[in-house]
Amino acid sequence: MSIKEYQETWDLEGLFPGGSDSLKFKEHLAISMDEIAKLSTYVHTFEPLKEEGDQDVLLQIVQQFEIVVKKVRQAGAFVSCLEAQNIEDKEASTLRGRVTELSASFQNVLTILDGKLSLYSDIEWDSLFKGNDLEQLYFVLSERRTAAKEKLSETEETLINKLSVDGYYGWGQMYDTIVGKMQIPFQEEKLSVGQAANKFSNPDRSIRKKVFFEWEKAWDANGEVLAKTLNHLAGFRLNVYGMRGWNSFLKEPLDMNRMQEKTLRAMWNAISKNKQPFVQFLERKAKLLGLDKLSWYDLDAPLGKVETKMSYQEGAEFIMKHFEEFGTEMATFAKKAFEDKWIEAEDRKGKRPGGFHTYFPESAQSRIFMTYSGTPSNVSTLAHELGHGFHTYVMRDMHTLNRNYAMNVAETASTFAEMIVSDAAVKAASTEEEKLVLLEDKIQRSIALLMNIHARFLFETKFYEERQKGLVRKERLNWLMLDAQKEAYGEALAEYHPSFWSSKLHFFITGVPFYNFPYTFGFLFSLGIYAKAIEEGKGYEEKYIALLRDTASMTVEELAYKHLQVDLTQEEFWNSAIQLCTKDVEEFLELTHEKI
C-alpha cells in the first residue's frame, strides 16, 4: 500500500472560498455583527436580582455568547491565515480592520455583561450555578465576574475598547505594515525577514555574519518608528492600568495566564541559579566552531557536516510514527492535519516569518503555518504546532467557554509534542556525529527558552519600569536589550543583538502583554509532564488528555497539583525540570570532550 503524499500548502478554500475576496467571508462578518447585536439585546435587557429566573436569562446569554465567540474566532483565524500566506495581500489588511472592529464590538457587550455579573454577592452568585447547565461554567464566569470588579465603570471600559481600535490595535498593525515591507539584501537577492532569519543556521560563518550585518542595519533604519510604536503600545496599557488602580504591569499578563506572581518568581529564580551548564554548552560550541566566543549569529550555526535534512514527507512520517508511540489519539490528529491539508509549510517568498497554529471553532478544524526547509529545527517546529492543534482537538466536545486556555498551558502542549519528536530524533541517530547534531538542536531549544526568553522578560520588565516615567528612546531600548542579553546569557557571547526588541514580533502583539514568560513556563511544565509520561509508558496518553481538558477551567497551580501533585510556587519543581535539560548538556559535553 502506497503512503499518501502530503501537500505543503494548506486549503483555505474549504473554509471561505475566494481568499480575501471571499463573498462567503464577507457574509460571515455581516452575520457575526447581527449575532453580536442579538447578544447585546439580551445583555442590555438582563436585570440581575430584579426578578426570578436569572438562571434562565443567564443561560440564554451564555448560549448566545458561545455562538458569537465561535463566529469572531472563526473570522480572526481566517484573516490571520490570509495575512501570513501573502504579506502583499492588501485586502487581507482591510479585513483585519473589520475583524478588529468586530472584536471591539463584542468586547463592549462583554464589558456590560461582566459589570452586571459583578452585582451579585458571593452567596447569590453561587446559588445561580446549583443544579443546572451553568454549573460547568462556574470557573470561567466567576473569573469574568472577579475581573469586572477590578475594572472601571461600564462607560469608561466601553470607551477604552472603542478608542483602542484606532489607538492600541492601530499601533500593533503599524508594526505588521513596517515588517511586511522590509527586505534584507543578500548577494543579488532581496530577502523577506523570514528568509533572512533562516540564514542564521547557514554553516558558512561569513554568510551568517554578512546577513546579520544587513539585518541589524535594516532594523536600525526602522528603529525610530518602531521605538515610537513600542512606546505607544506600552503607554496605552500603562494608562489603562493606572486608571484601573493596578499598581503592577505584571497583573494583566499573570491574570491572563491564571498564574501567581510567586510562581513566576520561583521559575525565574530557579533558572538564574542553574545557568552555568548552559554557559558551558555555549563555550564548548564556540570551541567546536573554532571561536573564542560565540556571537549572536553563531547561536544557530550547525555543528559538523552531517546532512540531517528531512523532506516534508519524511518529516511528516517521522512525527506521526513517534506520536503513535506515545498514543493513538495524538497520531490520529496529526494524520488528519496532514491528509486534510491543514498545514502551510511551503518555502517561498512573500510569506510571514515564524509559525503559528490557529483554530476554526465553527468548522472544528485547525490550520498550521510555518516555512519548512527540512532542518531538524523545522521538524521540531512542525511537531510544536501540531501539539497546539492536538490541544484544541482533545477539547473539541467541551463547551466553547471552557476551551479558552491561557498561553502558558498552550505552550505546554506544543512543547510536549516537540519533545516527543526531538527525543526520538536523538535516539534514532545512526552515528555519533548525527547524534551530536541532533542533541545540539535539542539543547538549542533549552537555550532559547531559558536564556533568550529570559532576556526578553528582563528587557520588557526594565522597559515598562522606565516607560512609567516617560518615553524611552531607541538608543536606550538598544542598551536595555544589550544589558538583558548579557545577563540572560551569562556574558557567554562576544556580540549581541541590541535591536532584538524591534525584530521580535512578540513585543508588539496587542492581544497578549509580556508575550515571553508563558513560553518558558510551558517548556518547563511540559518537562514535568514528559517525565511522568516516560515513567508510565504509552498508557499515559489518557491522563495527559485529562490534564489538557482541565487547562481552561482552573489556575495553573491547581492544575499542577491535581495532575502532577506538585507546588509551582516553590523552586523545587522548577529545579527538577531544569535538571532534565542539563542532562542533555552533560551528554553533549561528554560526546565532544575528545573533539577540542
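**Reading the model**

A: N402 is placed in the loop between α16 (376-394) and α17 (407-427). Keep in mind throughout that this is a predicted model.

Q: Which residues is N402 in contact with, leaving aside its neighbours within four places in sequence?
A: N402 contacts Q136, L137, V140, M395, A552 and S553.

Q: Where do R258 and Q565 lie?
A: R258 is in the loop between α11 (251-256) and α12 (261-273). Q565 is in the loop between α23 (556-564) and α24 (571-592).

Q: What is the relative accessibility of R258, and what is that of Q565?
A: R258 has 9% relative accessibility, so it counts as buried. For Q565 the value is 49%, and it therefore counts as partly exposed.

Q: How is a pair of packed helices described?
A: Two packed helices are described by the angle between their axes and the distance between the axes. Take helix α21 (residues 517-536) and α24: their axes are 9 Å apart and the packing angle is about 80 degrees. That angle makes α21 roughly perpendicular to α24, because angles of 65 to 115 degrees fall in that class.

Q: Which residues make the contact of α21 with α24?
A: From α21 come F521, F523, L524, F525, L527, G528 and A531, and from α24 come F573, W574, A577, I578, L580 and C581. By class, this contact of α21 with α24 has 12 nonpolar residues, one polar and no charged.

Q: What is the packing angle of helix α14 (residues 312-326) and α16?
A: The angle is about 50 degrees, with the axes 10 Å apart. α14 and α16 are therefore oblique to each other. Their crossing is right-handed.

Q: Which residues of α14 and α16 meet?
A: On the α14 side they are Y312, I319 and F323; on the α16 side they are V379, L382, A383 and L386. The contact of α14 with α16 divides into seven nonpolar residues, no polar and no charged.

Q: At what angle do the axes of helix α13 (residues 276-288) and helix α18 (residues 432-467) cross?
A: They cross at roughly 130 degrees and come within 11 Å. That makes α13 oblique to α18. The crossing of α13 and α18 is left-handed.

Q: Which residues make the contact of α13 with α18?
A: F278, V279, F281, L282 and K285 of α13 face E440, I443, Q444, S446, I447, L450 and M451 of α18 in this contact. Here the contact of α13 with α18 holds eight nonpolar, two polar and two charged residues.

Q: In which helix is R445 found, and is R445 buried or exposed?
A: R445 belongs to helix α18. Its relative accessibility is 13%, so R445 counts as buried.

Q: Which residues does R445 contact, leaving aside its neighbours within four places in sequence?
A: R445 is in contact with S380, E418 and S422. As for V279, it is 166 residues from R445 in sequence and 14 Å away in space, C-alpha to C-alpha.

Q: Where does A227 lie, and which residues does A227 touch, not counting those up to four places away in sequence?
A: A227 is in helix α10 (residues 223-244). It touches K474, L477 and W501 on that count. With a relative accessible area of 4%, A227 is buried. A227 and L559 are separated by 332 residues in sequence and by 38 Å in space, C-alpha to C-alpha.

Q: How many disulfides are there?
A: A disulfide is a covalent bond between the sulfur atoms of two cysteines. The rule used here asks for a pair of cysteine sulfur atoms within 2.5 Å, and by this rule the count is zero.

Q: What is the relative accessible area of C81, and what is the relative accessibility of C581?
A: C81 has 0% and is buried. C581, at 3%, also counts as buried.

Notes: Residues are numbered from 1 along each chain as its sequence is written. This is a predicted model: local features need pLDDT of at least 70, side-chain atom pairs count only at pLDDT 80 or more; totals for chains, interfaces and linings use all residues. Side-chain values use heavy atoms; hydrogens and water are left out. Buried means under 20% relative accessible area, exposed over 50%, partly exposed in between (1.4 Å probe, protein chains only). Axes are lines fitted to C-alpha atoms, for helices over the stretch in contact, and angles run from 0 to 180 degrees between N-to-C directions. Helices (H or I, at least four residues) and strands (E, at least two) are DSSP runs, numbered from the N terminus. Angles under 35 degrees count as roughly parallel, over 145 as roughly antiparallel, 65 to 115 as roughly perpendicular and the rest as oblique. A crossing is left-handed if the near helix is turned anticlockwise from the far one by less than a right angle, and right-handed if clockwise. Contact means heavy atoms within 4.5 Å. Ala, Val, Leu, Ile, Met, Phe, Trp, Tyr, Cys and Pro count as nonpolar, Asp, Glu, Lys and Arg as charged, and the others, Gly among them, as polar.
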